[in-house]
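Hi everyone, thanks for coming. I'd like to walk you through a structure that may be new to you, and I'll keep it short.

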Amino acid sequence: MIVLSDKLVAQPGPLRGVPILLKDNIETADMPTTAGSLALANNTPGRDAPLVARLREAGAVILGKTNLSEWANIRSSNSTSGWSAVGGLTRNPHALDRNTCGSSSGSGAAVAAGLAPAAIGTETDGSITCPAALNGIVGFKPTVGLVSRTHIVPISHSQDTAGPMTRTVEDAAIVLTAIAGSDPLDAATAEADARKVDYRAALDAGSLDGARIGVMRFSMGYSAKTDAVFEASLEAMRAAGAVIVEIAEGPDMEAMGGAELEVLMYELKHDLNAYLASTDPAQVPTRTLAEVIAFNERTPRELALFGQELFLLAQSKGGLDDPAYVEARATSLRLAGAEGIDRLMREHQVVALIAPTTGPAWTTDVVNGDHYAGSASQIPAIAGYPHLTVPMGFVDGLPVGISFIAGQWEDAKVLSLGYAFEQRTRAMRPPAFLRTVDEGEAVAPLLAPVAP
């Protein structure tokens, strides 16, 4: 198993010589950035995203780009996660007929498969944490504003963030320390320099001892077998000294989800148009969302598996001064933040919230789309708060993760609690590259299991 922290022992710099993969919506000066779309196949603007510049300054070697759910999974509500017109279908290394989730599909699969010790993903709602959980690795979505989003193909300036996907929590902390910081081109990061810490140094294997941890029971029940693994995880935390607090009711999830969709549609149109305008017209002839929609309609491969109904919905929206957008953003933020995570933590006097991240990987179905049951990602995604997923065990040979969530800028605490859980349970294990869970047939010799 490749573990980043082991590679650093004899290295003079924080990431000197460490290979890192990037999701293919993050710009680098030396590679195309496509977001999985043929409309951006020649998008090589010759600039590094600030987070990439930070990785290079820390000594990292940018190994390449990873496939993703096209346009970060915002084109269709009936999509197949892990598929893009540029990269094709990403497969789960634990069972190749299973889905990787998305949209940071390739980042999750590549780290799980041992192709690199770390990758960078991006998340709007679940796009780091879901593929990390389904591929059996660690994924961390930071507080929105801790990491720059400049020169990353956007969905939503309210919710987008990049974050590390790694084998261990310690590795995630190392990478986060390198990429966190203020960027004058991203107003959301104004406080980042003042808020960031050495996240690796802040890890404490004893941090669960005496900690009151709230169980989000209202964010469970989408997988009975996953819930059983979660109950065993609660016992492990109790054994580590944690006080487990049951929380039966949360915010109005239906109202919050409806408001979130409105926000994402308005911001997708605004933010994507702004990004496309920043690219080279000779490389990217599609200059607006409307032109991308037209490109897709005349390009058979783009619409071969699913449509673009969310793109069409976004195109129908007005500007960010539209009262419907303003109201939706206020509603979603209130329900997820002030009346959601903030209220739950305050009223139940807990230092963090936990739940299963999502269920095990479903069988990829390119005819009917994803069979996605639910997840813990929505509340922290909308609030812009930190969310960590850590492997907690397996369901029928497929990995499942546990989520740790807390308030704004409490990234170090979330990582430390997840680290303490990880050190006690050691639930992560390399994939077996089975053709299917049912047959238990491994692919050999090319895709042999990664050595421990």
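This is a predicted model: local features need pLDDT of at least 70, side-chain atom pairs count only at pLDDT 80 or more; totals for chains, interfaces and linings use all residues.

Let's begin with the largest pocket. Its volume is about 830 Å³. In all, 34 residues line the largest pocket. If you want to find its centre on your screen, look for Asn-73, Ser-76, Ser-77, Asp-125 and Tyr-372, which lie nearest to that point. Two elements give two or more residues to this lining: helix H3, residues 70-73, and helix H9, residues 253-277.

So which element supplies the largest share of that lining? That is H9, with 5 residues. And how does the lining of the largest pocket divide by class? There are 17 polar residues, 14 nonpolar ones and 3 charged ones.

Now on to the second largest pocket, with a volume of about 510 Å³. Here the lining is made up of 29 residues, and Arg-149, Thr-150, Ile-152, Pro-154 and Asp-271 are the closest to the centre. For this pocket, strand S5 (118-123), strand S7 (161-166) and H9 each contribute at least two lining residues. H9 gives the most here, with 4 residues. By class, the second largest pocket is lined by 12 polar, 11 nonpolar and 6 charged residues.

If you take one name away with you, let it be H9: this helix gives the largest share of the lining in the largest pocket, and H9 also gives the most to the lining of the second largest pocket.

Note on methods
Residues are numbered from 1 along each chain as its sequence is written. Side-chain values use heavy atoms; hydrogens and water are left out. On a 1 Å grid over the protein atoms alone, a cavity is a set of points where a 1.4 Å probe fits but cannot get out, and a pocket is an open set with protein on both sides within 12 Å along at least five of seven lines; lining residues have an atom within 4 Å of a point. Grid points are joined across faces, edges and corners, and a volume is the space filled by probe spheres set on the points. Ala, Val, Leu, Ile, Met, Phe, Trp, Tyr, Cys and Pro count as nonpolar, Asp, Glu, Lys and Arg as charged, and the others, Gly among them, as polar.
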